[in-house]
Amino acid sequence: MGVIATDGFEDWYRREHPRLVTSMLLVAGNLHLAQEAADEAFARALARWDRVSGMASPNGWTYRVALNVLRRRGRRAARERELLARGRPPEQVPAPAGEAWDVVRRLPPRQRTAVVLRYVADLTEEQVGAAMGVSRSTISSALADARRTLGRLLAEEDGKLEVGCG
Amino acid sequence: MVDLRSSAARLIENPLVPIPPVEGVVARARRYRAARLRKQMGVCFVLVALALTAAARGHDALAPDAVRVVDDPKAREERNRVDAEPVAPEEPGTAYSWIGPVLPRVSDQLARPGDDSWSKLVSAAYCPEQVQVVRILLNQSPSSLDVKPAIRAADVAKRVLEEADKNVCADIVPVLTKDRTLDDLSAYTAVVGMPGDDALEEAIRDGSIARAGIPVIGGDGLTLTQHRSPWVFPVSPSAAAFVRIAVNHGWTMDGRSFALVYDGKHAWGREAKAAFDAYVDRIGGHRALTLPLDPDTLSYHSEADHFANICKDSLCDVVVLAVDQETARRWFLQNPVPPRIETSALPMLMGSQFAHDCSVLMETTCAGLKVWNPFNASLGPAMPGRDDGVSEYGKTVLYDPDPFTQAAYIAADVLVRALKSYSHVDPETVATFLRRVPYSSALVPMRTWASPAAREDNDVARLYHLRPGEHGYGWSTPGSVAWWRDPE
């Protein structure tokens, strides 16, 4: 089966694991799915580490894999929930993250994924596009739409709040 | 104000789940690899079975339709796509500060076609039965390119070739026309292409050059046609490559809004536009304006108005100019609104005459103009490369950083090296040599034509500024000079 190359992997893994799990949780709303997607993505990154480590953006590649896993397993989980006829509410994000994250999860899926990858995963717009399989200009538009939507949603909840993206 | 980034940072600092030990990841990675291997072996088994079956039926077992690609190349490419980050320049070369017209220009003694002097020059180029090369010269064509630089360039190429080897005779051919077909040129060994030669461009495009098997070195290299033909060896990058280099540079200067003013008539101008559109989109910039100029139009008043409407109040960060000198002169006479960061141009503008015209007629407008040059224009009194094997004539000519003349000199020098490598030369040997042996000198970083991928390594340029100096306006560099590569 060959030797698994690990040079530099562990440091990168420990650094990125919390961010990847958090990002997937905020995309999927389900902690177990988020963990599974992150674990699978890191395992695949390690299996191909000699190639992934040489990429300009190992993070971008890994997030793309995680999103794909999320998509496939999320569909199965949704079907299971339907069969149970009674869905569970999404995992609650801890209070320290602030009310804004409750609002972000109300965004349409595409906008939500773009916002999470951009502001939680800290990917560039190009990397976000690569992870989601769309062009950079599409991501720019999605983020602009998301910021407008967030502003409107927050204004509905509290007329004094504004949204900033740092 | 709610800050999403700060909210994200707080969430990450308090991990929702503990980080699993890396040994677990290693075990999972091994299982993943094993599963992939089983899948591939299964596929191989199926493919072998298919191949054996096909062989049994008498089909070619290696026929493409007997084997299916397992992985989707597009998906693989998507997975491995790198960021369109700005490309950092290579290590800067030796610092120098001034290049300008220090010595009298050689071109003053050359005449226009039709003049007696010109006739003498052409007739003097009659070649007896020796190793010969052919130069194809732009004649009085409808092209907007100033023919004088082309004449000077042709003369440079001729002298370089004949200085190098007594057996070489360089024949200046007025233009490749229907009256002088490629069959007539079968006695010639190679062609040193001249800038803006529309007839040569057509001969490359329609396959005539390839069918004749005559290598063409030089030319302006502006069109992609010249870069894709295995019989053409351009020494200068394409207009498309220059535009991408310019946009990339503007991006690193924090430019995000880009405008292109381009030659709408010629193929290289249209290719520049296509490259501009694609690359600005790719890096997520804003295409503020692409403005075609007709080189045959005498005034660009309405175009300048339109440009002002779009780019006023510093709305355009970077302007890229893909036009020749004459068009640029008429454009600058309209006093176009300046961009916020920079205007940079293709190398056609890097001439001493244009520098002079800018200073006299359009000083305010031209101030700060930058131009890209693929050659080391630094040959002057106290500059590097003086003693690096450049011929005396070459040094004289290159004090005037006219890119056409530089390109012609380099093309001729490339050919000289090919000719000197063999006791007997013919077009095939010259072409083989050029494809096998890279060229480099003090004038230009390495050029190689070994393969289409290798040719892309030739797409580098340096940035020069138009500045006032001791001898009037000229081209200078701000200290150390880096080579910028085509980011695509």
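## Aromatic pairs

A search of the whole structure, a predicted model, finds ten aromatic pairs over all chains. Rings of Phe, Tyr and Trp (its six-membered ring) pair if their centres lie within 6.5 Å; planes under 30 degrees apart are stacked, over 60 edge-to-face, the rest tilted. Phe9(A) and Tyr13(A) are stacked, at 5.7 Å centre to centre and 10° between the planes. They sit four residues apart in helix H1 (residues 9-28) of chain A, so about one helical turn separates them. Helices are DSSP runs of H or I, at least four residues, and strands are runs of E, at least two, numbered from the N terminus.

Tyr13(A) also pairs edge-to-face with Phe42(A): 4.9 Å between centres, 85° between planes. Phe42(A) lies in helix H2 (residues 31-47), so this pair ties together parts 29 residues apart in sequence. Ring pairs link Phe9(A), Trp12(A), Tyr13(A), Phe42(A) and Trp49(A) into a cluster.

## Charges over rings

The charged end of Arg435(B) sits over the ring of Trp231(B), 4.8 Å from its centre. The criterion is NZ of Lys or CZ of Arg within 6 Å of the ring centre and within 35 degrees of the ring normal.

## Glu342(B)

Glu342(B) is in strand S11 (residues 342-345) of chain B. Its side chain makes a 2.8 Å polar contact with that of His249(B). Such a contact pairs N or O atoms within 3.5 Å; within protein, one must be able to donate a hydrogen and the other to accept it, and residues adjacent in sequence count only if both atoms are side-chain atoms.

## Basis

Residues are numbered from 1 along each chain as its sequence is written, with chains lettered from A and ligands numbered from 1 in the order written. Local features need pLDDT of at least 70, side-chain atom pairs 80 or more, while totals for chains, interfaces and linings use all residues; side-chain values use heavy atoms, leaving out hydrogens and water.
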